[in-house]
Structures are given as C-alpha cells and as structure tokens.
Amino acid sequence: MSGVKRKQNVLNVKQKLEILQKFNNGESASTDAEDVLNEGNTISHSAALQSVETLLNYMGQRGFDYGEISAVRKIRVDIRQEMNKQQKQQRRITSFFKQ
C-alpha cells in the first residue's frame, strides 16, 4: 500500500503558539491539541468503537453469519488502530510542548 496517501494531522504555527500559551498558563495543552486535530471529525473514535461493539452484540444475538461478523470485527480493528495513531500523535504533541 505504498501508493496510498493518508491525511497527516499537523498543527500550524499559530495553533502551536496558542496551545503553548495555554500550557504555560497551566491549562491542558494535550486536550487543546486533541481538539485541533479532531476538527472536522463527525464522530469520535471511542463513540465509533462503542457503536461497533453494540453492532457485534446485536449480530451475535440475531445469528448473522461468520463472514458478516468478521467484516465488522475488521472495522473494529481499524478503529482501534486509528485510535492508537491519534494517541501517539497526542503524546508527541504533549512531549513537544514539555521540552
């Protein structure tokens, strides 16, 4: 998948300065950075993950076939991977401002 380009969430200089000023005032910089990085997202990863878990429970109760359940499990894995990438990005941002 080397030809696939992913959107990279990067803070611009103004956003970094605003977050740094808040951080220097004792406010939570990581929360602000998360808000900036999540702009435009219509649903959070945790809400999506919760919905997928609910769907899996429903599918199990209703007797959906293995292939359909496997497809939803793949979606769950993808959401978790995205959550992990986002958390890693947030740690980098927090670390950047602590230096």
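**View 1. Leu 49 is buried, with a relative accessible area of 15%.** Buried here means under 20% relative accessible area, exposed over 50%, and partly exposed in between (1.4 Å probe, protein chains only). The model is predicted: local features need pLDDT of at least 70, side-chain atom pairs count only at pLDDT 80 or more, and totals for chains, interfaces and linings use all residues. Residues are numbered from 1 along each chain as its sequence is written, and side-chain values use heavy atoms, with hydrogens and water left out. Leu 49 sits in helix H3. Helices (H or I, at least four residues) and strands (E, at least two) are DSSP runs, numbered from the N terminus. Apart from neighbours within four places in sequence, Leu 49 contacts Arg 76, Ile 79, Arg 80 and Met 83. Contact means heavy atoms within 4.5 Å. The C-alpha atoms of Leu 49 and Arg 76 are 6.3 Å apart, across 27 residues of chain.

**View 2. Nine residues form the largest nonpolar core.** Its members are Ala 48, Leu 49, Val 52, Leu 56, Met 59, Ile 69, Val 72, Ile 79 and Met 83. Such a core is a set of buried Ala, Val, Leu, Ile, Met, Phe, Trp, Tyr and Cys residues joined through side-chain atoms within 4.5 Å. H3 (45-62) and H4 (66-98) each supply at least two of the core residues. H3 gives the largest share, five residues.

**View 3. Met 59 touches Phe 64, Glu 68, Ile 69 and Val 72.** Residues up to four places away in sequence are not counted. Met 59, Ile 69 and Val 72 are among the members of the largest nonpolar core.

**View 4. H3 and H4 cross at roughly 160 degrees.** Their axes come within 10 Å. Axes are lines fitted to C-alpha atoms, for helices over the stretch in contact; angles run from 0 to 180 degrees between N-to-C directions. The two helices are therefore roughly antiparallel. Angles under 35 degrees count as roughly parallel, over 145 as roughly antiparallel, 65 to 115 as roughly perpendicular and the rest as oblique.

**View 5. H3 meets H4 through residues including His 45, Glu 53 and Leu 55.** On the H4 side, the residues include Arg 73, Ile 75, Glu 82 and Gln 86. By class, this contact has 11 nonpolar, three polar and six charged residues. Ala, Val, Leu, Ile, Met, Phe, Trp, Tyr, Cys and Pro count as nonpolar, Asp, Glu, Lys and Arg as charged, and the others, Gly among them, as polar.
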